[in-house]
Amino acid sequence: NNNNNVQKRYNTTTTAHRMFSAAPTAQSIDIFPSIVIGPNGAITPQGPFAEAQAQYLDPDPDAVQRLSQSLIESNVGVVAHYYMDVELQGILSTVQRSSPQLQNKVGIADSLKMGDMAVQMCQDNNDNNNNTP
């Protein structure tokens, strides 16, 4: 009985291997899509997908300014998921880097880290409000 099970698994694996190893390669990739950051900070996108992503590494300064000002005036934070649009990620990353007041009030993360960041933002806000005379 054990030998029959082993033989069945072997036949299934062998058949699957033959099917997939015989499949023709339908496409080739000349350049792996990536964004190369050089030693001097120069950004070089490789391939069309990377070029589309790289355009948001330097977002519209007006959008960054408007969002920064709005977050400061409203005293709120923003946490976005990694799956969010690359344009939003570019703006949020620039807001975070360019405004010291918002460094701990803006974040991009996965679901678990998003929750941690939101809790930390609330704790920081409560601490700041309790320390104000």
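## Opening question

What covers the buried residues of α4? The cover includes α3, β3 (78-81) and β4 (106-109). Buried means under 20% relative accessible area, exposed over 50%, and partly exposed in between (1.4 Å probe, protein chains only).

This is a predicted model: local features need pLDDT of at least 70, side-chain atom pairs count only at pLDDT 80 or more, and totals for chains, interfaces and linings use all residues. Residues are numbered from 1 along each chain as its sequence is written, and side-chain values use heavy atoms, with hydrogens and water left out.

## The chain

The chain has five helices and four strands. Their order along the sequence is α-β-β-α-α-β-α-β-α. Helices (H or I, at least four residues) and strands (E, at least two) are DSSP runs, numbered from the N terminus.

Of the 133 residues in the chain, 20% are buried. Contact means heavy atoms within 4.5 Å. Among contacts with a separation of 6 or more, 50% join residues 24 or more positions apart.

## Helix α4

Helix α4 covers residues 86-98. Its 13 residues should span 18 Å at 1.5 Å a residue, and its end C-alpha atoms are 18 Å apart, which agrees. The expected span is 1.5 Å times one less than the number of residues. Gln 89, Gly 90, Ile 91, Leu 92, Thr 94 and Val 95 are buried in α4.

Glu 87 belongs to α4. Glu 87 is partly exposed, with a relative accessible area of 38%. Asp 85 caps the N-terminal end of the helix, with a side-chain oxygen 3.1 Å from the backbone nitrogen of Glu 87. Ala 54 is 33 residues from Glu 87 along the chain, yet their C-alpha atoms are separated by 9.7 Å.

## Where α3 meets α4

The axes of α3 (residues 61-74) and α4 come within 9 Å and cross at roughly 65°. Axes are lines fitted to C-alpha atoms, for helices over the stretch in contact, and angles run from 0 to 180 degrees between N-to-C directions.

From α3, Ala 63, Val 64, Leu 67, Ser 68 and Leu 71 meet Ile 91, Leu 92, Thr 94, Val 95 and Ser 98 of α4. These residues divide into seven nonpolar, three polar and no charged.

## Ser 68

Ser 68 sits in helix α3. Ser 68 is buried, with a relative accessible area of 6%. A polar atom of its side chain lies 2.9 Å from the backbone oxygen of Val 64. Leaving aside neighbours within four places in sequence, Ser 68 is in contact with Val 95, Ser 99 and Leu 102.

Terms used:
Nonpolar A, V, L, I, M, F, W, Y, C, P; charged D, E, K, R; others polar. Polar contact = N/O pair within 3.5 Å; in protein donor to acceptor, adjacent residues only side chain to side chain.
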